[in-house]
Amino acid sequence: MENKIIDAEKVSEYRIGGTTYFVRTFFNSNQNESLDDIIQRLIINDSKKSSVNTDEITNSKS
């Protein structure tokens, strides 16, 4: 996968296989959470999902 920032408008180009994707990134200026808060929330939620999946696998082997 290849990616690069095209310009200051926050448009990224991603090349996956033979397909090129252009992704525009934007942020809500009325957002109450900081970027750090959002990333922390995403990590915590993802770790909870991973923990549930691990428990399901462990219980199914019993």
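The chat below walks through a predicted model of a single chain.

Visitor: What elements does the chain have, and in which order do they run from the N terminus?

Guide: The chain of this predicted model has 1 helix and 3 strands, and from the N terminus on the elements run β-β-β-α.

Visitor: How much of the chain is buried?

Guide: Buried residues make up 5% of the 62 residues in the chain. The accessible surface comes to about 5,700 Å², and carbon and sulfur atoms account for 52% of that surface.

Visitor: And what share of the contacts with a separation of 6 or more comes from residues 24 or more positions apart?

Guide: That share is 0% in this chain.

Visitor: OK, on to the strands. How do E2 and E3 run, and how many bridges join them?

Guide: Strand E2, which covers residues 11-16, and strand E3, which covers residues 19-24, run antiparallel and are joined by 6 bridges. Within that pairing, serine 12 stands opposite valine 23 in E3, while isoleucine 16 has threonine 19 of E3 as its bridge partner.

Visitor: What sits between those two strands?

Guide: The hairpin of E2 and E3 has 2 residues between the strands, and glycine 17 takes a positive phi near 65° there.

Visitor: Which residues does threonine 20 touch, leaving aside its neighbours within four places in sequence?

Guide: Threonine 20, which lies in strand E3, is in contact with Glu13, Tyr14 and Arg15 once those neighbours are left aside. Threonine 20 counts as partly exposed, because its relative accessible area of 32% falls between the 20% and 50% limits.

Visitor: You mentioned Glu13. Is glutamate 13 buried or exposed?

Guide: Glutamate 13, whose place is in strand E2, is buried, because its relative accessible area of 11% is under the 20% limit.

Visitor: What does the side chain of glutamate 13 make a polar contact with?

Guide: The side chain of glutamate 13 makes a polar contact with the side chain of arginine 15 at 3.1 Å, and the two side chains also meet in a salt bridge, with 3.1 Å from N to O. Arginine 15 counts as partly exposed at 36% relative accessibility, whereas glutamate 13 counts as buried.

Visitor: How many salt bridges are there in the count?

Guide: The count comes to 2 salt bridges. Besides the one between glutamate 13 and arginine 15, glutamate 33 forms a salt bridge with arginine 41, and the closest N and O atoms of that pair are 3.0 Å apart.

Visitor: Why do glutamate 33 and arginine 41 count as partly exposed?

Guide: Glutamate 33 has a relative accessibility of 28%, so it falls between the limits of 20% and 50% and counts as partly exposed. Arginine 41 has a relative accessible area of 36%, so the partly exposed class applies to arginine 41 as well.

Visitor: Changing topic, which residues form the nonpolar patch on the surface?

Guide: The patch is formed by Phe27, Leu35, Ile39 and Ile43, which together have about 430 Å² of accessible area.

Visitor: And where is leucine 35 placed?

Guide: Leucine 35 has its place in helix H1, which covers residues 35-61.

Key. Residues are numbered from 1 along each chain as its sequence is written. This is a predicted model: local features need pLDDT of at least 70, side-chain atom pairs count only at pLDDT 80 or more; totals for chains, interfaces and linings use all residues. Side-chain values use heavy atoms; hydrogens and water are left out. Patches are made of residues with over 30% relative accessible area and no salt bridge: like charges are joined within 9 Å, nonpolar side chains (Val, Leu, Ile, Met, Phe, Trp, Tyr) within 5 Å. Accessible areas come from the Shrake-Rupley method with a 1.4 Å probe; for residues, only the protein chains shown count as cover. A salt bridge is a side-chain nitrogen of Lys or Arg within 4 Å of a carboxyl oxygen of Asp or Glu. Helices (H or I, at least four residues) and strands (E, at least two) are DSSP runs, numbered from the N terminus. Two strands pair if DSSP finds at least two bridges between them. Buried means under 20% relative accessible area, exposed over 50%, partly exposed in between (1.4 Å probe, protein chains only). A polar contact is a pair of N or O atoms within 3.5 Å; within protein, one must be able to donate a hydrogen and the other to accept it, and residues adjacent in sequence count only if both atoms are side-chain atoms. Contact means heavy atoms within 4.5 Å.
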